[in-house]
Amino acid sequence: MRWLVTGAGGLLGHHLLECLAAGRPDDAVIGLDRTRLDVTSPRSVRRAFADHRPDVVVNCAGYTAVDAAEAHEREALRVNGAAPRRLALACAETGARLVHVSTDHVFSGEARTPYAEDHPPAPRTAYGRTKLAGEQAVLGVLPRAGVVVRTAWLHGDRGRSFVRTMMGFAARHEPVAVVTDQVGQPTWAADVAERIVLLGGRPEATGVFHATNAGAASRYELAVEVFRLVGADPGRVRPTTSDAFPTPTRRPPYAVLGHARWRELGVAPPRDWRAALRTALAREAAPVTRWSP
């Protein structure tokens, strides 16, 4: 098979290329970052498909600046809505499959039980609205060859993430205030990459899948666990609420996704977020100075 990964310079794209190299060594894998493939340009997309003739396209490209999207929704829609449609049309013309990465922000965040894959979307942010437009475009154009993979709270060994930020506070021996009223699923990008590779190789897998690590945690609980795992004093993490950190966009207070579709596919659901975090931190960072109670 020939794989084409858009947004290959980002966190998830990086882990996806690593996963493909390790898990499918006989496949041809082409990773293109934004300098080599502008997904908003029809000409750039046509050239990429002509040059590489992919069997599976994984769209990791996206406008992910949640706060900036509130002021620049039209620009975000070009990347998150129009570009996935353009990729889907190119896949329809060439017979390729498309795996498109989306987000928990397509939901309102007001639930109290995990969102099922078929739960009606109700985005409350510009970012969520533009990502939902991308989902609808992909599944509308490719009802039998399109896959939407929703994920959330990603962390990994590059780029910006909440986990890496907390590691920085831990290493500097500073206290940090973290909110208790945002609950979600910390998710290791490498685990998401494995799920995407599995879906890309299964032609019968279509529709929406949730690729988040299992369980749930508040931002505060996640920060405490990061401090503990790197050997820092968890007592330096102080609880607070979102009111202490006003932002242009209100983050979903509840961003927990269900995993029923994996069972339908005969695949075990994702592992717990704590187990994934332990593995990630063991691979990605040496412990800071040990804390002794």
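Two strands pair if DSSP finds at least two bridges between them. Helices (H or I, at least four residues) and strands (E, at least two) are DSSP runs, numbered from the N terminus. The views below show a predicted model, in which local features need pLDDT of at least 70 and side-chain atom pairs count only at pLDDT 80 or more, while totals for chains, interfaces and linings use all residues. Residues are numbered from 1 along each chain as its sequence is written, and side-chain values use heavy atoms, with hydrogens and water left out.

**View 1. Strands β4 and β5 in the six-stranded sheet.** Strand β4 (residues 97–103) runs parallel to strand β5 (residues 146–151), and six bridges join the two. Histidine 100 stands opposite valine 148 in β5. The open sheet of six strands has the order β2-β1-β3-β4-β5-β10, with parallel pairing. At its edges stand β2 (28–32) and β10 (207–210), each with a single partner strand, so one side of each has no neighbour in the sheet. From one strand to the next the twist averages 20°.

**View 2. Helices lying across the six-stranded sheet.** Helix α1 (residues 11–23) lies across β1 (2–6), β2, β3 (56–59) and β4, and runs at about 165° to β1. Helix α7 (residues 189–200) lies across β1, β3, β4, β5 and β10, at about 150° to β4. Angles run from 0 to 180 degrees between N-to-C directions, and axes are lines fitted to C-alpha atoms, for helices over the stretch in contact. Contact means heavy atoms within 4.5 Å.

**View 3. The three-stranded sheet.** Three strands form an open sheet in the order β11-β8-β13, with mixed pairing. Its edge strands, β11 and β13 (254–255), each pair on one side only. Strand β8 (residues 183–184) pairs with β13 in the parallel sense over two bridges. Glycine 184 stands opposite alanine 255 in β13.

**View 4. Helix α8 and its surroundings.** The buried residues (under 20% relative accessible area, 1.4 Å probe, protein chains only) of helix α8 (residues 219–229) are Arg219, Leu222, Ala223, Glu225, Val226 and Phe227. These buried residues pack against α6 (162–171), β7 (176–179), β11 (217–218), β12 (237–240) and α10 (273–284). Glycine 231, which follows α8, has a positive phi, near 85°.

**View 5. The packing of α6 and α8.** The axes of α6 and α8 are 9 Å apart, at an angle of about 55°. The contact is made by Phe162, Val163, Met166, Met167, Phe169 and Ala170 of α6 and by Arg219, Leu222, Ala223, Val226 and Phe227 of α8.

Methods
Buried < 20%, exposed > 50% of the residue type's maximum accessible area, 1.4 Å probe, protein only.
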